[in-house]
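Me: I would like a close look at a single part of this chain. Please take one residue, go through its surroundings, and then step back to the whole.

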Amino acid sequence: MSVAGPRSAADDAAELHRAMRRCEMIVVDWARAAIRDGAAHVDDHRARFASAADAKQAPLAAFQRSAREALGTEH
C-alpha cells in the first residue's frame with residue numbers, strides 16, 4: 001500500500017491497513033474452515049475477530065486524526 005501525504009498520516013494509514021488486514025485474514029480463515037468442514041462455525045472465530053476489531057480502533061482513530069490535521073479540518 002502506498003499513501004501520499006504528510007508522513008504522520010501515511011504512517012497512521014499503514015498501521016490501520018495492517019490492523020484491517022488482520023481482521024480480513026481472520027474472516028478468510030473462517031471462510032476456509034467453513035468450506036473445508038461444510039459448516040460455518042462462527043463461534044470458533046468470534047473471539048479472534050472481536051479482539052482484532054477492538055485492536056483496530058486505536059489505529060483508526062489515529063489515522064482519522066492525522067488525516068483531519070493534514071486536510072486542515074481539525075477543529
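Reply: Let us start with Ser 66 and its polar partners. The backbone oxygen of Phe 63 lies 3.2 Å from a polar atom of the Ser 66 side chain. The side chains of Ser 66 and Asp 12 are joined by a polar contact of 2.9 Å. A polar contact is a pair of N or O atoms within 3.5 Å; within protein, one must be able to donate a hydrogen and the other to accept it, and residues adjacent in sequence count only if both atoms are side-chain atoms.

Some ground rules. This is a predicted model, where local features need pLDDT of at least 70 and side-chain atom pairs count only at pLDDT 80 or more, while totals for chains, interfaces and linings use all residues. Residues are numbered from 1 along each chain as its sequence is written, and side-chain values use heavy atoms, with hydrogens and water left out.

Where does Ser 66 sit? Its place is in helix H2, residues 43-71. Helices (H or I, at least four residues) and strands (E, at least two) are DSSP runs, numbered from the N terminus. Ser 66 counts as buried because its relative accessibility is 4%. Buried means under 20% relative accessible area, exposed over 50%, and partly exposed in between, with a 1.4 Å probe and protein chains only.

What does Ser 66 touch, leaving aside neighbours within four places in sequence? Ser 8, Ala 9 and Asp 12 are in contact with Ser 66. Contact means heavy atoms within 4.5 Å.

Now take Ala 19. This residue lies in helix H1, residues 7-37. Ala 19 has a relative accessible area of 2%, so it is buried. Not counting residues up to four places away in sequence, Ala 19 touches Lys 56 and Pro 59. Gln 64 is 45 residues from Ala 19 along the chain, and their C-alpha atoms are separated by 14 Å.

Step back to the whole chain. It has two helices and zero strands. The radius of gyration is 16 Å, well over the 11 Å that the globule rule gives for 75 residues, so the chain is more spread out than a compact globule. That radius is taken over C-alpha atoms, and the rule is 2.2 Å times the number of residues to the power 0.38. Along its principal axes, the C-alpha trace spans about 50 × 25 × 15 Å. Of the 75 residues, 21% are buried. Among contacts with a separation of 6 or more, 51% come from residues 24 or more positions apart.
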